[in-house]
Amino acid sequence: MILFSVLLLMSQATGARLGMWSPLPVARAALPGGLDRTTALPASLSSKCGERPIFEGGAQYSRIIGGMEAEVGEFPWLVSIQARNNHFCGGTIMNEWWIVTAAHCLSSEELFPGDLSVVMGTKNLNSQSLEIKMVTSIVLHKDFARLTMDNDIALLLLDSPITFNGLKEPICVPRHSSLSTWHECWVAGWGQTQTDDENSMKAELMKVPMIIMDWEECLKEFPKLTRNMLCAGYKNESYDACQGDSGGPLVCTKGSGKKWYQLGIISWGRSCGKKNIPGIYTLLENYNFWVKKVSELEGRPFNAEKMRAPSKQKPRHSQASESPKPGSPRFWLLLCLLSYKLS
């Protein structure tokens, strides 16, 4: 009996288990990088916000057609918001239930949840196999002002949860941070590629690079700018978002990181594509609390902490729950006490 107790104590100290074996969790979907359906899912490949597993794992190239054509899986968080099967605005996957977009896209009193559908997981809206979700609730910011475009943000609640698979992934939401820390930024959409030409909308997803501009400098160009807005453009180029792109995300990454964050929502501007004239975006980080409250009231709480980069801190353990190391004073003390009780 004492021998069994010693073995039991030593097995706990070394992390082994007697009489019990737990297999690793098994992935049930195809994974990038050649993993099959029965391969254990590594933590680094589990679904996380702001990541592009399909795009990062394949060849990356672009051809130029005014803007640049996006690649498969390059913007897996981007969705097409449609009414009667016609695209009219973009949106972003925040989690499995929620899409964030611009309030001005949905402010018409004639627009109801049943009129809307959300197309996701594709870069080509003419694809024969589109994944479509219906909408059960439209929530506009109560202080949205059409005249000034302040608080231009809205949420869509889907009728069923999204299953993330590489072509559909949630974006990360940033904490309050200096805009100068962002290294690379892009916008993408299915909107017009030529100003004042509604027929120039593309079925293929297009992308353009962006640089965040100084807010004070932008204020000189746009006097009605508020602190709920940010400006982005590309100097000496006519890169811009246009009609049909509204509601889509301005996404950025830090340094050479692989994780992407949504900084802005495409909101408004002065015409489209004018050189040295930026576009205006809703500053998403100002609405983290609003998103949290709305999602709670709708019964599908949004956890912003899950939509951020995981902390690098090591998990803390209670010292009382840790097994004693072999040879330590605590180990021998416990061994003596156990032997005394069993004698």
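## Disulfides and a barrel

Cysteine 185 is buried, with a relative accessible area of 4%. This is a predicted model. Cysteine 185 sits in strand E9 and cysteine 252 in strand E12 (residues 249-253), so their link ties together parts that are 67 residues apart in sequence.

### The disulfides

The count comes to four disulfides. The table shows three of them, including the pair just described.

| Pair | Sulfur distance | S-S torsion | Hand |
|---|---|---|---|
| Cysteine 49 and cysteine 172 | 2.0 Å | about 90° | right-handed |
| Cysteine 218 and cysteine 231 | 1.8 Å | -85° | left-handed |

Take cysteine 218 and cysteine 231. Both are buried. Cysteine 218 lies in helix H3 (residues 215-221) and cysteine 231 in strand E11 (residues 229-233).

Now cysteine 49 and cysteine 172, which form a disulfide. Cysteine 49 is in the loop between helix H1 (2-14) and helix H2 (53-56), while cysteine 172 is in the loop between E8 and strand E9 (184-189). The pair therefore ties together parts that are 123 residues apart in sequence. Cysteine 49 is buried at 2% relative accessible area. Cysteine 172 is buried too, at 0%.

### The barrel

Six strands form a closed barrel, in the order E3-E4-E5-E8-E7-E6, with antiparallel pairing. On average, neighbouring strands of this sheet are turned by 45° against each other, direction ignored. Strands E3 (residues 78-83) and E4 (residues 86-93) pair over six bridges. Serine 80 has glycine 90 in E4 as its bridge partner.

Helix H4 (residues 288-297) lies across strands E5, E7 and E8. H4 runs at about 35° to E8.

Conventions: Residues numbered from 1 in each chain as written. Predicted model: local features only at pLDDT ≥ 70, side-chain atom pairs only at ≥ 80, totals over all residues. Heavy atoms only, no water. Pairing = 2+ DSSP bridges. Helix = DSSP H or I, 4+ residues; strand = E, 2+ residues; numbered from the N terminus. Axes fitted to C-alpha atoms, helices over the stretch in contact; angles between N-to-C directions. Contact = heavy atoms within 4.5 Å. Disulfide = S-S within 2.5 Å. Buried < 20%, exposed > 50% of the residue type's maximum accessible area, 1.4 Å probe, protein only.
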